[in-house]
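Hi,

Here is the structure I promised to pass on. Have a look at it first, and then read on for what turned up.

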Amino acid sequence: MIHDFFEELLGVLFPEYAVEILHEKTQIESRLEDLKDRFSTILTNNPHLHRGEGQKLAETFFYDLGQVYDLIHQDVDAMFAGDPAAKSRTEILRSYPGFYSIAAYRIANLLFKAGIFMIPRMITEFAHGRTGIDIHPGANIGNHFCIDHGTGVVIGETTRIGNHVKIYQGVTLGALSVNKEDADKKRHPTIEDNVVIYAGATILGGETIIGKGSVVGGNVWLTKSIPPNSKIYYQTKMYVDGTDSTDMYILKTGNEII
């Protein structure tokens, strides 16, 4: 039921996902009204899934949906600008896993912030199963967000991501601790504006901050903060028998190497 609701809602917002394309404004308004009534019924019949009154929650959700629609279009713009292989925005809408997962997150996050339980997680798990991208609906993500390729991306519940951030496949924004008593703490990192995180990077911990304008290279493992405008990457060395060569990390901030 929730899966069908989400797919139909996405199809109204983006005709590329519609089973039946609606051409007239009155048709779109009628379909949205029908979806609102159905969602209101779901919430009313399942009071354990939210804090509030079902009909009012449904009305507020659909009232605020326009803001989410605008945010998703900004994300599409970021994906189009950030991927030289993208030939059109329609291509992104029809075929990019990053679009589907971010759209699911934006809708689920709106529900999550309204105090609706389980349903937001179900929506992001639909996207997770389809794309391999796991975004918790409680994460706080700014505008113009781009996920390129995407498979294996994990973004934890208390992650905070600024504006104009781009991440690649295999990136984990996770927690240092999985203790249940830490459930109400900030467990996941903060990524400030204009950060790029390349494939396979792992960034852990609620106190870890990736400074504005930084670049995190592929396969880097971070559990501490880096300052704004830094570049951190993992440099491998060739191993030769009889030498003491080891792998190393290099952090550049400004013209300095740390």
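The axes of H3 and helix H5 (residues 97-113) come within 10 Å and cross at roughly 150°. With an angle over 145 degrees counting as roughly antiparallel, H3 and H5 are therefore roughly antiparallel to each other. H3 passes H5 in a right-handed crossing. On the H3 side, the contact is made by Phe61, Asp64, Leu65, Val68, Leu71, Ile72, Asp75, Val76 and Met79, and on the H5 side by Gly98, Phe99, Ile102, Ala103, Arg106, Ile107, Leu110 and Leu111. By class, the residues of this contact of H3 with H5 divide into 13 nonpolar, one polar and three charged. Please keep in mind as you read that this is a predicted model.

H3 (residues 54-82) also packs with helix H2 (residues 25-45), at an angle of about 140° and with the axes 8 Å apart. The crossing of H2 and H3 is right-handed. From H2 come Leu32, Leu35, Lys36, Phe39, Ser40, Leu43 and Thr44, and they meet Gly54, Gln55, Leu57, Ala58, Glu59, Phe61 and Phe62 in H3. Eight nonpolar, four polar and two charged residues make up the contact of H2 with H3.

Helix H1 (residues 2-13) and H2 have axes that come within 11 Å and cross at roughly 155°. H1 and H2 are therefore roughly antiparallel to each other as well, but the crossing of H1 and H2 is left-handed. Ile2, Phe5, Glu8, Leu9 and Val12 in H1 meet a set of H2 residues: Ile28, Arg31, Leu32, Leu35, Arg38, Phe39 and Ile42. The contact of H1 with H2 has nine nonpolar and three charged residues, and no polar ones.

S2 pairs with strand S5 (residues 160-161) in the parallel sense over two bridges, and asparagine 140 stands opposite arginine 160 in S5.

Two single residues are also worth a look. Leaving aside neighbours within four places in sequence, arginine 187 is in contact with Glu157, Thr158, Gly174, Ala175, Leu176, Asp182, Gly205 and Gly206. One of these, alanine 175, is twelve residues away along the chain, and its C-alpha atom is separated from that of arginine 187 by 5.0 Å.

The other is threonine 124, found in helix H6 (residues 119-131). Threonine 124 is buried too, with a relative accessible area of 2%. Not counting residues up to four places away in sequence, threonine 124 touches Ala104, Tyr105, Ala108, Ile135 and Pro137.

Cheers

Conventions: Residues are numbered from 1 along each chain as its sequence is written. This is a predicted model: local features need pLDDT of at least 70, side-chain atom pairs count only at pLDDT 80 or more; totals for chains, interfaces and linings use all residues. Side-chain values use heavy atoms; hydrogens and water are left out. Axes are lines fitted to C-alpha atoms, for helices over the stretch in contact, and angles run from 0 to 180 degrees between N-to-C directions. Helices (H or I, at least four residues) and strands (E, at least two) are DSSP runs, numbered from the N terminus. A crossing is left-handed if the near helix is turned anticlockwise from the far one by less than a right angle, and right-handed if clockwise. Contact means heavy atoms within 4.5 Å. Ala, Val, Leu, Ile, Met, Phe, Trp, Tyr, Cys and Pro count as nonpolar, Asp, Glu, Lys and Arg as charged, and the others, Gly among them, as polar. Two strands pair if DSSP finds at least two bridges between them. Angles under 35 degrees count as roughly parallel, over 145 as roughly antiparallel, 65 to 115 as roughly perpendicular and the rest as oblique. Buried means under 20% relative accessible area, exposed over 50%, partly exposed in between (1.4 Å probe, protein chains only).
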